[in-house]
Amino acid sequence: MTRRQPITSISVTKPVQLPEPKETPTIQTTIQAFTADLADIQSFLSISFSPSRINKVEEFLTSTLASLSRSFEFDRLRQNEQVDYLLLQSHIRRLLHQHRAATQKIHTAKELGFFEDWVDVCINFVETRHNVGRQSGQQIATVLHSAKQGVNQLLCLIDSKDGFGDSKERFIMFWTITKFEELQRALEEAVGFYQGYDPVISWWVEKPWEVLSAKLNALTSALGNKTGIDGSGSADDIVGDPIGREALLQELEAEWIAYAPEELVQIAEEEFRWCEDEMKKASTALGFDRCQEALEHVKNTFVEPGEQTLVVRDLADEAIAYVERHDLITVPTVAKDYWKTTMMTSARQRVNPFFLGGEKIIVSYPTNSMSHDDKLMSMRGNNPAFSRSTVHHELIPGHHLQFYYMDRYYLHRSTFQTPFWIEGWSVYWELLLWQRGFASEIGQKWATNEAANRIGMLFWRMHRCARIIFSIKFHLGQMTPQECIDLLVTRVGHERATAEGEVRRSLAGEYSPLYQAGYLLGAFQFQRLRKELVEDREGPRWKEKSFHDAVMRENNVPIEILRTMFRGEKLSAHTKAQWRFKDKI
């Protein structure tokens, strides 16, 4: 140890003047900044139907889109940068379209008398609180009192109505409920900000807020009862917003799909007929003359409730072992070993009757609180033969493996999530494993035989066909929610409860209009791309594993753009979808 010497003097030197940092934005940093900026705007202006937020988001999206071509010279970008440019450009255009569609819903709600002046006054109070603007307790109490009077008038208006007219108006009413709930949460936060910290404001606002909060609860309840969205679980409470053909075409352009809506329905119908033919073959092999009888037999192979998680574990191990044994894709150890299982609540099963997954798998199976009929329908709908495709769809090689790669490669592209890539990838594996004879190679512990496994796989393939048909026809105004349910029950073989849950989930507005169509159509895109690169390519072909790994390492990229990249073709700033991936060669 060296002893420290005493300091005898201090010399002072002139500080070095560092140059100002000069950063040249890249397309990647532009995407990251755009995503963060938009999130900050929406977080600060937290009420989605606030006039301030509507104007600010419109201004931000418009100005960012206009600046994109000024900031980057497309032809001088590297190919991966060109891809990011096209993704950001398409993403902003879509956000603008969705923003304007949401704004139109607000105007419609105002025309129906549901967003009166008191709503804007409440929003102004919340946003003034966010801006730390000075407000007196008496001012806030006056706002809350006037809002109570506004709610009373609205309750009288609702009570005077016999009901609501067409499905469009009914959907606006359903949508309005969520907005009043959003306003109530924002007001609760704003009022709570002062409680216990500002005794004067707390003295003024405590009682007015207590009264207004009760009135807002009564308002959302009245709207729910009047529109029929009362939690009964019947098909009558399913609402949706048919967006029309023109809006569907805009969505297809944003998803890089070069087909008209009617063409996609035709593709689904052709695939459906193939599935029905294969279902007849599998039913005969199982010993039944009618497909419905074979389907009933397979449904009744369900396991006792306590065994369902064991089924999931075994089916997951089975799929992982298969893709590794055949060297189909790289499965990193962390992805393989670290995933969790949770159970779906009974309430959530009303909209998600089957498994969900990604970082974990959420198992749908009946709870003790369900009715006897609902228990049986849930168990029959999640039997082991049906669950095989669900498990490898949600875990490996599907979503769980997908999310593993998304967290490690081109992270900024996660902003551009599309069902044609996300869901299409998992369904693509359903198609590929069918093609490879997966039903005959897998273990027999949880199904009677190969034919039962084939029936389970075909059930889901028919389900994907039906999703394309009913989601597109609904948005074209050609099918009602009840007709969508009937299609799933009579042609696919769903239990009625699971069919209602599927339709409720699809139409309630949580998903984009093309989300359900994206499952099978995205799979068809991956299937065609694999055929071009792995099977048909002239000269050296891609190895199967190399192809799958390459897809995963690009993160969320529309499959047509992936095709352009992998084939070494040129992109331009004006590139649009033109790939006819299901046309006959």
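The following is a conversation about a predicted model of one protein chain.

Biologist: What makes up the protein chain, in helices and strands?

Modeller: The chain has 23 helices and 3 strands. Buried residues account for 52% of its 585 residues. Its accessible surface is about 27800 Å², and carbon and sulfur atoms hold 50% of that.

Biologist: Which share of the contacts between residues at least 6 apart in sequence joins residues at least 24 apart?

Modeller: That share is 76%.

Biologist: Why is R461 called buried?

Modeller: Buried means under 20% relative accessible area. R461 has a relative accessible area of 11%, so R461 is buried. R461 sits in helix 18. Leaving out residues up to four places away in sequence, R461 touches E271, W274, C275, L431 and W434.

Biologist: What makes a space a cavity, and how many of 30 Å³ or more are there?

Modeller: A cavity is a set of points where a 1.4 Å probe fits but cannot get out. The count is 1 cavity of 30 Å³ or more. The largest cavity has a volume of about 50 Å³.

Biologist: Which residues of helix 13 are buried, and what covers them?

Modeller: In helix 13 (residues 372-381), the buried residues are M377, S378, M379, R380 and G381. Among the elements that cover them are helix 10 (291-299), helix 14 (384-394) and helix 20 (496-507).

Biologist: What makes a set of residues a nonpolar core?

Modeller: The residues must be buried, of the nonpolar kinds, and joined through side-chain atoms within 4.5 Å. The largest such core has 119 residues, and those with the most contacts inside it are L264, W421, W429, I472, V551, L562 and F566. Helix 18 (residues 450-475) gives the largest share of this core, 15 residues. Domain 1 (27-109) and domain 3 (248-567) each give at least three residues to this core. A second, separate core has 41 residues, including C122, W175, L183 and L212. In soluble globular proteins, nonpolar side chains tend to be buried together.

Biologist: Which residues is F566 in contact with, leaving aside its neighbours within four places in sequence?

Modeller: F566 is in contact with L529, L533, W542, F547, A550, V551 and E554.

Biologist: What is known of the second largest pocket, and which residues are the closest to its centre?

Modeller: The second largest pocket holds about 620 Å³ of space. It is lined by 24 residues, and F524, Q527, F581, K582 and D583 are the closest to its centre. Helix 9 (261-286), helix 16 (419-435) and helix 21 (515-535) each supply at least two lining residues.

How values were computed
Residues are numbered from 1 along each chain as its sequence is written. This is a predicted model: local features need pLDDT of at least 70, side-chain atom pairs count only at pLDDT 80 or more; totals for chains, interfaces and linings use all residues. Side-chain values use heavy atoms; hydrogens and water are left out. Helices (H or I, at least four residues) and strands (E, at least two) are DSSP runs, numbered from the N terminus. Buried means under 20% relative accessible area, exposed over 50%, partly exposed in between (1.4 Å probe, protein chains only). Contact means heavy atoms within 4.5 Å. Accessible areas come from the Shrake-Rupley method with a 1.4 Å probe; for residues, only the protein chains shown count as cover. Domain bounds come from an automatic or database domain assignment. On a 1 Å grid over the protein atoms alone, a cavity is a set of points where a 1.4 Å probe fits but cannot get out, and a pocket is an open set with protein on both sides within 12 Å along at least five of seven lines; lining residues have an atom within 4 Å of a point. Grid points are joined across faces, edges and corners, and a volume is the space filled by probe spheres set on the points.
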